[in-house]
Amino acid sequence: MKRIVLLFCYATGMVFAAQEPRPGIPKVVPLGTHGTVPVRAAFNQATLIKLPEGQRVMNVFGGDKGEGGVWAIDAGKVPTRYVAIKPKATGIHTTLHVVSNTGDEISFFVQEVTGTDPQFDPEVDVMGTPASTSGGEAVVIPAVKWVPADEVTACQKASESMKVDLAAVQKKAEEDAAARVARLQAEYPKKLRFGYEWDQKKAKELGFEAAWADDKFTYFRGKDVMALYEIDSDGKPSLIEYSYADGVYTAKKVIYDGYFAIGRRKSAKLIFHRDRSKP
C-alpha cells in the first residue's frame with residue numbers, strides 16, 4: 001500500500017513538473033505594432049520587457065501592482081528601458097500598457113500559462129521603427145517628448161549653478177583685467193625714456209614735437225610722414241618700418257641713433273640721438 005502511494009505521489013510530481021513551463025527564446029516585437037501583443041508568463045517567474053535603445057519607460061498601466069497583488073510589476077525607481085512583470089497566481093491574465101518618453105505606447109496581453117503551455121516568454125524585445133534592413137535603412141530614434149520631473153529639476157539646478165559659476169568667473173576675469181590695467185598704468189610711466197636730442201629748430205620746421213621710448217618701442221610725434229632710418233654702431237643707416245596714427249610714429253624696436261628724411265635734401269633731414277648709458 002505504501003509502495004502504491006509513493007508511486008502515485010512520484011507520478012503526480014512528474015506530471016506537475018512536466019506542466020511547469022520553461023523559458024523560451026526572446027520574443028521580438030516591432031515598435032508601433034498595432035493591437036495587443038500576446039505574452040506568455042509563468043507563475044513566480046519574471047518576464048522582462050525591453051524598450052529600444054534611447055527610450056525609457058515613463059509609465060505603466062495594468063495589473064495589480066505591489067508584492068501583495070496578483071501581478072508584480074516593476075519599472076524601477078529610476079526610469080530605464082526595462083519593465084519586469086511576474087504573476088503571483090496561476091491561470092490569470094492581464095493587459096499591460098507601456099508608455100515611453102518618446103510618446104510611443106505598446107500594449108500587451110499577459111497570460112500565466114502553467115499547465116497549458118510548455119514554454120513562457122522570459123524576455124520581450126521591442127525593436128525600433130523602422131528596423132534596420134539589408135537595404136541599409138537607418139534605425140530612426142524618435143524624439144524625446146517627456147523627461148522625468150526630477151531630471152528637469154536637476155537640470156534646472158545645474159543650469160542655475162552654471163549661471164552663478166559663469167557670473168562668478170566673468171566677474172573674477174573682469175576684476176583681474178582691471179587689476180592688470182591698473183598695474184600697467186602705474187608701472188608704464190616708469191618705463192618711458194625721453195632723453196632724445198635733435199636740432200630743435202629743424203625739428204620744428206619739419207613738424208616734430210617729441211621723441212620717447214619704452215622697453216620695446218620707439219615713438220615720435222610729428223605732423224608729416226617721412227622715411228625713418230636707424231644708424232648702427234658702424235654708422236650705416238637702414239630703413240625702419242613703422243606705423244603712423246594720430247600724429248605718432250611707432251617703431252617696433254628701441255632706436256638710439258637715426259634720422260628722418262625726405263629725399264636727399266639736407267634741409268629735409270632730422271638727425272636724433274639718445275645716450276645709451278643713461279637710463
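1. The side chain of Ser 107 makes a polar contact with the side chain of Glu 105 at 2.6 Å, where a polar contact is a pair of N or O atoms within 3.5 Å, one of which, within protein, must be able to donate a hydrogen and the other to accept it, and residues adjacent in sequence count only if both atoms are side-chain atoms. This is a predicted model, in which local features need pLDDT of at least 70 and side-chain atom pairs count only at pLDDT 80 or more, while totals for chains, interfaces and linings use all residues. Residues are numbered from 1 along each chain as its sequence is written, and side-chain values use heavy atoms, with hydrogens and water left out.

2. Ser 107 lies in strand E9 (residues 105-112); strands (E, at least two residues) and helices (H or I, at least four) are DSSP runs numbered from the N terminus. With a relative accessibility of 10%, Ser 107 counts as buried (buried means under 20% relative accessible area, exposed over 50% and partly exposed in between, with a 1.4 Å probe and protein chains only). Leaving aside neighbours within four places in sequence, Ser 107 is in contact (heavy atoms within 4.5 Å) with Gly 35, Thr 36, Val 37, Leu 96 and His 97.

3. Four strands form an open sheet with antiparallel pairing in the order E13-E14-E18-E17, two strands being paired if DSSP finds at least two bridges between them. Strand E13 (208-213) and strand E17 (242-245) are the edge strands, each pairing on one side only. Within the sheet, strand E14 (residues 218-222) and strand E18 (residues 248-251) pair in the antiparallel sense over four bridges, and Arg 221 has Val 248 in E18 as its bridge partner.

4. The structure holds 15 aromatic pairs (rings of Phe, Tyr and Trp, the last by its six-membered ring, with centres within 6.5 Å; planes under 30 degrees apart count as stacked, over 60 as edge-to-face and the rest as tilted). The ring centres of Phe 208 and Phe 260 are 4.4 Å apart and their planes stand at 35°, so this pair is tilted; it links strand E13 with strand E19 (residues 257-261), the two residues being 52 residues apart. Phe 208 is buried at 5% relative accessibility, as is Phe 260 at 0%.

5. The rings of Phe 220 and Phe 260 have centres 4.9 Å apart and planes at 85°, so that pair is edge-to-face. Phe 220, in strand E14, is 40 residues from Phe 260 and counts as buried at 0% relative accessibility. One aromatic cluster includes Phe 208, Phe 220 and Phe 260, and among its other members are Tyr 196 and Trp 198.
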